[in-house]
Amino acid sequence: MHHAPKRTQVGIIGAGPAGLVLSHLLARHGIDSVVLEARARAYVENRIRAGVLEQTTVDLLRALGLAGRLERIAEDHPGVVLRIGGADTVIDLRALTGRSVSVYSQHLLVQDLIAARLAAGAPLYFDAPAYAIDGLNEAQPVIRYRAAGEDRTLACDIVAGCDGFHGISRAAIPATALRVIEQTYPFAWLGILAEAPPAPDIVYARHAEGFALASRRSDQVGRLYLQCPPDTDPASWEDARIWDALSARLAVPGGPALARGPILQKTLTPLRSAVAEPMRHGRLFLLGDAAHIVPPTGAKGLNLAVADVAVLGAALADFFAAGSTGGLDAYSDRALARIWRVQRFSWWMTTMLHPVPGRDGFTERLHAAELAQLLESEASQRALAENYVGLPLQAAL
Ligand code: APR
Ligand code: PHB
């Protein structure tokens, strides 16, 4: 940090997938950026999050030369399973769309992105929390941050707020200039990472006792989730209770028993949909979780962040090469057009697959009818598959 730059073209707040992919994309266009991350490198690199990448996301990472390890160890999933009341329906993504998804842990991707940035000698600073952004409506906003025990400033042409839903970027926009449209759900997910050989497929299960999801990290490590009340303390659920609930909800009559093993981590994920509009204020642009949250059903969070980066990256390339502001002016509308489609999909998967005790009879019957249609109709399955593998980025353009 001895020679921390005092100015840059794009100041990026946050070294999650959004901030890191953006810094790589900008470098590809010859645009300078500085990434400021509040937390330590080890923390960011080991934070367990989701793990499903749309083919659109993988294609972009490959084009940026960032898919080396991913291509070696990611699992290709040509289908996913819907397990409704113990009966399986395979949604054959490949047959329905010609595309598939990859399972690759988000924290491994974050490690790859950090290593490649540091290897290029790029300015990427950890333990450097931003605490204010001054002059958002001026040509040269300034990010104020702390590092090595002192207050520092970074003057930028553009500020990219990639600091997640609880960061400072969205909060820096005056309330009168921003609308947050949101919905919460009356349930959460208790997630575990377990040393127990997982089934080969990603399984979404709807069971009378609640939703469950069986996903994978490797042949030895499973990632599983259970619908639970929103105020659940994950530590209060004993391992045996978690396995019993997962076994019941994921059971197939006559099928193999769910393999159990040591639980390495328990987490609680609240379920929420939220979108901040517009995704820009003056020279500040919001990307990824800083602008929107989707419930995890369908695993869209990381993929949405990367799609935002693709839209803003192209706009910034035009801006810095030719001074044209058209792309920047269109960023929010372009990004939001696709985001709302993904919000709709995530909401639909979520509401259809989670039983809610006491839900009114009419809504309950509609969900049952929706599911029956999905299980019988190839057209309905294709609609699910098209969204699951990822809408084309052109939908935003
Ligand atoms: N200054 C600097 N960094 C900050 C600040 C701050 N004031 N506040 C938050 N951050 C950092 C966080 O520590 C985190 O590393 O911003 C980063 C935001 O990263 P993510 O939360 O991963 O968000 P994003 O890059 O938009 O990725 C979206 O990844 O994390 C998942 O659930 C998320 O799947 C979704 C996707
Ligand atoms: C995961 O592997 O963590 C995962 C998979 C599918 C989802 C959500 C999360 O819908």
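Guide: A polar contact is a pair of N or O atoms within 3.5 Å; within protein, one of the two must be able to donate a hydrogen and the other to accept it, and residues adjacent in sequence count only if both atoms are side-chain atoms. In this structure, a polar backbone atom of glycine 298 lies 2.9 Å from an oxygen atom of ligand 2.

Visitor: How should I take the numbering and the values?

Guide: This is a predicted model, in which local features need pLDDT of at least 70 and side-chain atom pairs count only at pLDDT 80 or more, while totals for chains, interfaces and linings use all residues. Residues are numbered from 1 along each chain as its sequence is written, chains are lettered from A and ligands numbered from 1 in the order in which they are written, and side-chain values use heavy atoms, with hydrogens and water left out.

Visitor: Which other residues have a polar atom 2.7 Å or 3.1 Å from an oxygen atom of ligand 2?

Guide: Tyrosine 225 places a polar side-chain atom 2.7 Å from an oxygen atom of ligand 2, and for proline 296 a polar backbone atom is 3.1 Å from an oxygen atom of the ligand. Taken alone, ligand 2 exposes 280 Å², of which the protein buries 99%; such accessible areas come from the Shrake-Rupley method with a 1.4 Å probe, and for residues only the protein chains shown count as cover.

Visitor: How many residues surround ligand 2, and of which class are they?

Guide: A residue is near a molecule or strand if one of its heavy atoms lies within 4 Å of it. Here 13 residues surround ligand 2, the closest being Tyr204, Ser215, Arg217, Tyr225 and Gly298. The shell has seven nonpolar, four polar and two charged residues, where Ala, Val, Leu, Ile, Met, Phe, Trp, Tyr, Cys and Pro count as nonpolar, Asp, Glu, Lys and Arg as charged, and the others, Gly among them, as polar. Strand 14 (210-216) and strand 15 (222-228) each supply at least two residues of this shell.

Visitor: What is a strand here, and which strands does strand 16 join?

Guide: Strands (E, at least two residues) and helices (H or I, at least four) are DSSP runs numbered from the N terminus, and two strands pair if DSSP finds at least two bridges between them. Strand 16 (residues 263-277) runs antiparallel to strand 12 (residues 179-194), with 13 bridges joining them, and isoleucine 192 stands opposite lysine 266 of strand 16. Two bridges also join strand 16 to strand 19 (residues 292-293), again antiparallel, with isoleucine 293 as the bridge partner of alanine 274.

Visitor: Where is proline 278 found, and what kind of peptide bond joins it to glutamate 277?

Guide: Proline 278 is in the loop between strand 16 and strand 17 (280-281), and the bond from glutamate 277 to proline 278 is cis, with omega about -10°.

Visitor: How many disulfides does the structure hold?

Guide: A disulfide is a pair of cysteine sulfur atoms within 2.5 Å, and the structure holds zero. Cysteine 156 is in no disulfide, since the nearest cysteine sulfur, that of cysteine 162, is 12 Å away.

Visitor: Is cysteine 156 buried or exposed, and what of alanine 148?

Guide: Buried means under 20% relative accessible area, exposed over 50%, and partly exposed in between (1.4 Å probe, protein chains only). Cysteine 156 is buried, at 0%, whereas alanine 148, at 66%, counts as exposed. Alanine 148 is found in the loop between strand 10 (142-147) and strand 11 (150-161).
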